[in-house]
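Please open the structure in your viewer and keep the sequence beside it.

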Amino acid sequence: MSDQAAMSDVSSGEEAGEVCRFWGRLGIPGLIDVHTHFMPERVLRKVWEYFDALGPLTGGLEWPITYRQEEAERAALLREFGVRAFTSMLYPHKPGMARWLNDWAADFARRTPDCLHTATLFPEPDTETYVREAVEAGARVFKAHVQVGAYDPADELLDGAWGLLAEAGVPVVIHCGSGPAPGKHTGPEPVARVLGRHPRLRLIVAHMGMPEYEDFLGLAERYGEVRLDTTMAFTDFTEDFIPFPRRALPRLTDLGDRILLGTDFPNIPYPYVHQLHALERLGLGEPWLRRVCHDNAARLFGLTGTA
Ligand SMILES: [Zn+2]
């Protein structure tokens, strides 16, 4: 074993202890993380190359990926952290790609029983067909990436799929805020149009909707099936350039049964445990943390029992 591998073993063991102490103190059976990335290896490498290039491209924003282990080690690490259930968020950037990603994700879920079977979509002529096939094959959560996909979520080609997912009650984690980078169709307005047509659609707004935090909180207040995931929000990294407005903290309390732990593991520029501490230091209390880190997702996905 190289020195570097040995060192990462030591630090991951220590970190696992810290993560487990966090949820142990709360008296929950573990964590449920609705926003983790597992995808075909060459796609993940491309994502990592993107983050590696960010510093030079943006003239400053460094995004060193913390967890670059092989796939099996990354899944094992989540188990060491006591993550009872996680997802394999993946997303196409062009037409003709979603079906292939969905096949990969179905296989990943088969060989990874603690991964919630994830699927994705893109506006194209056969969207409704492959979304139906994925739901029938057992997909429990979808991922939509409005910024990377550069599509309007209210595109007519998605309408049938949104209707089907609303009816099936299958949640969709949607990256629709304009952070860290805006896209042509990011922001609350296109999502508001989707919800106007499909008010029961279970959208989970990724990253708390950053930087349009308050607009997306407003959508969650208006639509009872809209949720938000905490992914990267409230961390030192994000607070430096897209701070969450303090005045909106009481709204997090009010929406405490519809906020879900998400982290972006493994593509994060800090240790996993920092996301947990970032939630804790909001000072919203242990009952709130229990719901956000476990109970809300357990209810949404029908996960019962203890770890
Ligand atoms: Zn993500």
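**First stop: the end of a helix**

Select Gly82, which lies just after helix α3 and takes a positive phi of about 80 degrees. Helices here are DSSP runs of H or I with at least four residues, strands are DSSP runs of E with at least two, and both are numbered from the N terminus. Residues are numbered from 1 along each chain as its sequence is written. Please note that this is a predicted model, in which local features need pLDDT of at least 70, side-chain atom pairs count only at pLDDT 80 or more, and totals for chains, interfaces and linings use all residues.

Now select α3 itself, residues 71–80, where Ala75, Leu77 and Leu78 are buried. A residue is buried if 20 or more other C-beta atoms lie within 10 Å of its own, exposed if 12 or fewer, and partly exposed in between, with C-beta atoms placed from the backbone. The arc is that of the directions from the helix axis to the C-beta atoms.

**Second stop: helix α4**

Select residues 98–111. How far apart are the end C-alpha atoms of helix α4? They are 20 Å apart, which agrees with the 20 Å that its 14 residues should span at 1.5 Å a residue; the expected span is 1.5 Å times one less than the number of residues. Colour Ala98, Arg99, Leu101, Asn102, Ala105 and Ala109, which are buried. Seen down the axis of α4, the buried residues fall within an arc of 155 degrees, so they line one face of the helix. On the other side of α4, Trp100, Asp107, Arg110 and Arg111 are exposed. The buried residues of α4 pack against β3 (115–116), β4 and α5 (127–136).

Display the open sheet of six strands, which has the order β4-β5-β6-β7-β8-β9 and parallel pairing. Two strands pair if DSSP finds at least two bridges between them. Strands β4 (118–120) and β9 (259–260) stand at the edges with a single partner strand each, so one side of each is left without a neighbour in the sheet.

Select β6, residues 172–175: Val172 and Ile174 on one side, and Val173 and His175 on the other, are all buried. Strand β5 (residues 141–145) runs parallel to β6 and is joined to it by four bridges, and Phe142 stands opposite Val172. Towards β7 (residues 203–205), β6 pairs in the parallel sense over three bridges, with Ile174 opposite Val205. From β6 the chain crosses through helix α8 (residues 188–197) to β7, and this β-α-β crossover is right-handed: with the strands pointing away from the viewer, the path from the first strand over the helix to the second runs clockwise.

Next, select β8 (residues 227–229), which is joined to β9 by two parallel bridges. The bridge partner of Leu228 in β9 is Ile259.

**Final stop: a loop**

Where is Ala150 placed? Ala150 is in the loop between α6 (146–149) and α7 (156–168). It counts as partly exposed, because it has 13 C-beta neighbours inside 10 Å. Leaving out residues up to four places away in sequence, Ala150 touches Gly183, Lys184 and His185; such contact requires C-beta atoms, placed from the backbone, to lie within 7 Å.

How values were computed. Two residues are in contact if their C-beta atoms, placed from the backbone, lie within 7 Å.
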